[in-house]
Amino acid sequence: MSSYNINIFAAFSKDSLVDTQQRLSNYKDPSLFLNSTPVNQTCSISAHNYGDITNLVITSNGIMNGNFNIFPIKFAGERVNFVVNLVDYLGYQVKDYSLLNYNNFTFTLSALNGNNITGVSFQTDFGTLSSLTQGGFFKGYLYCPFVVNDVSIKAIYTDANISLTGYSTIFDINSSCGGEYQIRKINEDFDQTKAFKSIGTQPVLFDKSQFFDNFLGQIVGDANSDPNTLGIEVFEKIANYVANINDPDFCNLESLKSLLDLLNVDYQNYNYEYPPSFKRLVDILSVKHKNLFGQTNQYQTNFNSKGYVNSDKYGINKGPAYNFSTTTFLSSVAPFSLITYEKFSKTYNLVSTVIPGISSYALSAVNSNFGWNLVLPPGISGADIPKYYEFFSYVPDTENSLLQKFIDFDNKNTTLSITNSGYNEYIKTGGIMDNILLNNLLTNLQIISCLPNEVNLNIPTSTPTPSPTLTSTPTVTPTVTSSSTPAPTITLTTTSTPTSTPTPTLTQTPTLTLTPTLTPTLTLTPSSIAIGAGILYVSYDQDILTPTPTSSLTSTPTPTPTPTPTLP
């Protein structure tokens with residue numbers, strides 16, 4: 001940290017700032033300008049005092065004059081790059097300080113409550129900048145193998161001159177296995193594997209689960225496969241053909257441009273070519289938010305219970321019946337509605353309890369002049385009215401079922417929810433759209449991939465439990481090797497009694513016996529596949545492997561006589 005001087009020049013024209021080389025080459029004549037003599041000022045640039053360095057600022061790339069904070073969306077297993085800068089009390093970077101050493105830092109991933117998240121690693125990453133010695137910054141990255149929300153990088157720097165603490169902006173580390181949000185359109189739930197199994201009724205195919213599940217099923221997929229799988233993608237294009245092509249509210253981008261061309265509408269065409277999986281998301285997310293999530297059914301005259309008791313689907317707006325003889329309505333009570341039910345036509349009608357000019361009245365006093373559209377025979381009133389009508393309280397409620405569905409919220413693979421997917425949350429930086437597109441982009445570029453031991457920390461202060469690593473143990477199969485038959489050994493046995501007769505000793509000699517075991521192996525190779533009349537036909541080439549005899553060892557005892565010695 002040292003001081004140095006700089007010169008500041010000022011003039012009416014830059015051409016008047018002529019150096020020696022310009023004068024020698026007669027490039028410009030200063031006399032052509034009025035007041036051509038420039039003015040200069042010498043300034044002294046002083047080094048920072050240690051007391052002026054007051055802050056640590058953490059950004060994604062070290063640039064502080066822009067929105068380069070840590071992006072709100074990160075993924076488990078992704079390298080989260082960051083730069084720590086020394087900043088003075090005026091908010092300027094301290095570039096006359098030496099590079100910050102990793103050993104002088106204490107890095108942690110901090111939750112909102114101040115607790116530290118364990119299991120996170122931090123590394124230095126100066127790379128091609130490693131030859132620098134000045135700059136007052138540190139360049140590194142963190143690696144987090146699990147999911148955690150609302151965290152920030154906490155950096156504590158201490159050396160012989162300064163001691164500072166800084167925090168980054170708050171961000172989330174989402175699942176690398178498909179991201180936080182998954183979208184399935186209507187008709188993106190087709191199980192092509194199951195469909196093939198249902199038509200594979202030929203005896204040669206009926207019980208071939210390996211063929212359907214592990215061969216053909218891997219090609220076409222099932223209902224839970226990636227939506228870009230062949231079976232789901234083809235079925236969706238057929239089932240949603242009209243909406244994808246001709247409906248301007250829901251159609252794909254290419255179809256929308258085609259419709260605009262037919263109407264000679266001017267539009268700005270960027271002519272981007274997207275990868276297939278990314279294009280699918282662009283086509284979906286280009287639909288208006290209101291149409292994408294659909295609208296809920298606001299129907300509030302659901303009176304007919306259709307014979308059900310306490311149903312959550314039928315008659316939800318019809319409350320308990322009023323007692324015709326004892327019920328009284330008062331004008332001092334806030335006006336409300338009631339339901340009239342005509343027994344003859346079995347029709348319901350919603351009416352108001354407010355009767356102009358009447359402060360209070362009994363329900364039994366109702367007549368055809370109340371304005372409730374009661375249809376009564378002439379002269380019928382009072383106690384005879386219940387023969388024709390029933391009266392119920394009104395329950396102001398809506399069914400809230402989805403109308404004009406686009407996203408299939410009934411599909412278990414759809415993780416996007418209606419309740420927390422408002423428009424502002426949907427379009428904001430680091431919101432739902434950014435999350436969906438960024439995960440697809442980073443996955444296809446192989447920057448991130450699904451971690452097999454990924455853990456979701458629902459409580460940010462908890463410590464992730466590492467998953468055990470399975471080590472395969474090789475199985476040793478003993479090999480039997482036959483050896484040659486040992487030569488018989490003659491053992492001389494002497495005894496002190498000359499009249500004794502030695503007894504022959506039996507020894508076992510292993511005998512190699514070959515026992516052929518015929519094990520035919522059938523290899524099925526599909527030679528052709530065809531579909532006709534709703535039936536899947538598959539023909540096979542059959543290869544019978546030649547049986548190989550197997551050897552086994554059988555021990556057969558062979559008596560070996562022991563010669564009797566002759567004693568002198």
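Asn81 stands opposite Tyr141 in strand E9, and E9 (residues 137-143) is joined to strand E5 by seven bridges, the two running antiparallel. The model is predicted, so local features need pLDDT of at least 70 and side-chain atom pairs count only at pLDDT 80 or more, while totals for chains, interfaces and linings use all residues. Residues are numbered from 1 along each chain as its sequence is written, and side-chain values use heavy atoms, with hydrogens and water left out. Strands (E, at least two residues) are DSSP runs, numbered from the N terminus. Two strands pair if DSSP finds at least two bridges between them.

**The sheet around E5 and E9**

- E5 and E9 belong to an open sheet of four strands in the order E3-E5-E9-E8, with antiparallel pairing.
- E3 and strand E8 (121-124) stand at the edges; each has a single partner strand, so one side of each is left without a neighbour in the sheet.
- From one strand to the next, the twist averages 30°; the angle is taken between N-to-C directions of lines fitted to C-alpha atoms and runs from 0 to 180 degrees.
- Strand E3 (residues 53-59) pairs with E5 in the antiparallel sense over six bridges, and Leu56 stands opposite Leu86 in E5.
- Strand E5 (residues 79-88) is largely enclosed by the rest of the structure, because eight of its 10 residues are buried. Buried means under 20% relative accessible area, exposed over 50%, and partly exposed in between (1.4 Å probe, protein chains only).
- In a regular strand, side chains alternate between the two faces of the sheet.

**The sheet around E14 and E19**

- E14 and strand E19 (residues 389-394) run antiparallel and are joined by two bridges; in E19, Tyr394 is the bridge partner of Lys318.

**Charges over rings**

- Lys318 also lies over the face of Phe392, at 4.9 Å from the ring centre. A charge sits over a ring if NZ of Lys or CZ of Arg is within 6 Å of the ring centre and within 35 degrees of the ring normal.
- The charged end of Arg79 sits over the ring of Tyr141, 3.9 Å from its centre.

**Aromatic pairs**

- The count comes to 31 aromatic pairs. Rings of Phe, Tyr and Trp (its six-membered ring) pair if their centres lie within 6.5 Å; planes under 30 degrees apart count as stacked, over 60 as edge-to-face and the rest as tilted.
- The rings of Tyr50 and Tyr97 form an edge-to-face pair, because their planes are at 85°, with the centres 6.4 Å apart.
- Tyr50 lies in the loop between strand E2 (39-45) and E3, and Tyr97 in the loop between E5 and strand E6 (105-111), so the pair ties together parts that are 47 residues apart in sequence.
- Tyr50 is partly exposed, with a relative accessible area of 41%, whereas Tyr97 is buried at 3%.
- Ring pairs link Phe82, Tyr102, Phe105, Phe107, Phe122, Phe126, Phe137, Phe138 and Tyr157 into a cluster.

- Lys74 lies in strand E4 (residues 73-75) and is buried, with a relative accessible area of 14%.
- Leaving aside residues up to four places away in sequence, Lys74 touches Val80, Phe171, Asp172, Ile173 and Asn174; contact means heavy atoms within 4.5 Å.
- Lys74 and Phe171 are 97 residues apart in sequence, yet their C-alpha atoms are 7.2 Å apart.
- Trp372 is found in the loop between strand E18 (360-362) and E19 and is buried at 2% relative accessible area.
- Not counting residues up to four places away in sequence, Trp372 touches residues including Phe329, Leu338, Asn349, Val351, Tyr361 and Phe391.
- The side chain of Trp372 reaches the backbone oxygen of Ser352 at 3.0 Å.
- The C-alpha atoms of Trp372 and Leu350 are separated by 8.5 Å, and the two residues are 22 residues apart along the chain.

Methods. A polar contact is a pair of N or O atoms within 3.5 Å; within protein, one must be able to donate a hydrogen and the other to accept it, and residues adjacent in sequence count only if both atoms are side-chain atoms.
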